[in-house]
Amino acid sequence: QAVPAVGVEDRVAGALDVLGFVRRLCTTQTGGFCFELNPAFAWLLRRLGYTVDEVMAVCDGSTCEFPGCHVVNVVESEGRRWICDVGWGVFPF
């Protein structure tokens, strides 16, 4: 089942409120973009006991190819580090 993304106007106000976004995602089943989805996933992973670094990234091959246009999670598990990106999608603009 697909989860619809929210509009650009919704992004600005809620981008820094991770818990607010988690609540919205769970109650309204709307999606978001990397600056909302990946921090929300990092919040969950930390509560499950994982060490998570949220890092800026470049989206190679997309229309957004400048440093800091994307955020991903780097998760440590069993002595290894993994990139966990739940916020990759198509830009709506």
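**View 1. A nonpolar patch on the surface, made by Leu 44, Leu 48 and Tyr 50.** To join a patch, a residue needs over 30% relative accessible area and no salt bridge; nonpolar side chains (Val, Leu, Ile, Met, Phe, Trp, Tyr) are linked within 5 Å, like charges within 9 Å. Tyr 50 sits in the loop between α3 (34-47) and β1 (51-57); helices (H or I, at least four residues) and strands (E, at least two) are DSSP runs, numbered from the N terminus. With 36% relative accessibility, Tyr 50 counts as partly exposed (buried is under 20% relative accessible area, exposed is over 50%, partly exposed is in between, using a 1.4 Å probe and protein chains only).

A quick note on the model: it is predicted, so local features need pLDDT of at least 70 and side-chain atom pairs count only at pLDDT 80 or more, while totals for chains, interfaces and linings use all residues. Residues are numbered from 1 along each chain as its sequence is written, and side-chain values use heavy atoms, with hydrogens and water left out.

**View 2. Arg 24 and Glu 36 form a salt bridge.** Their closest N and O atoms are 3.6 Å apart; the cut-off is a side-chain nitrogen of Lys or Arg within 4 Å of a carboxyl oxygen of Asp or Glu. Arg 24 belongs to helix α2 (residues 18-28) and Glu 36 to helix α3, so the pair ties together parts 12 residues apart in sequence. Arg 24 is partly exposed at 21% relative accessibility, whereas Glu 36 is buried at 2%. A search of the whole structure turns up three salt bridges; the next two views show Arg 46 with Glu 54 and Asp 53 with Arg 81.

**View 3. Arg 46 meets Glu 54 in a salt bridge.** Here the closest N and O atoms are 3.1 Å apart. Arg 46 has a relative accessible area of 34%, so it counts as partly exposed. Glu 54, at 37% relative accessibility, is partly exposed too.

**View 4. A salt bridge joins Asp 53 to Arg 81.** The closest N and O atoms are 3.3 Å apart. This pair links distant parts of the chain, with Asp 53 in strand β1 and Arg 81 in strand β3 (residues 80-84), 28 residues apart. Asp 53 is partly exposed, its relative accessible area being 33%.

**View 5. Three strands make an open sheet in the order β1-β2-β3, with antiparallel pairing.** Strands count as paired if DSSP finds at least two bridges between them. At the edges stand β1 and β3, each with a single partner strand, so one side of each has no neighbour in the sheet. Neighbouring strands are turned by 30° against each other on average, direction ignored. Strand β2 (residues 70-77) runs antiparallel to β3, and five bridges join the two. Asn 73 stands opposite Cys 84 in β3. Helix α3 packs on this sheet, touching β1, β2 and β3, and its direction makes about 15° with that of β2. Contact means heavy atoms within 4.5 Å; axes are lines fitted to C-alpha atoms, for helices over the stretch in contact, with angles from 0 to 180 degrees between N-to-C directions.

**View 6. The whole protein has three helices and three strands.** Along the sequence they follow the pattern α-α-α-β-β-β. Of the 93 residues, 33% count as buried.

Note on methods:
Accessible areas come from the Shrake-Rupley method with a 1.4 Å probe; for residues, only the protein chains shown count as cover.
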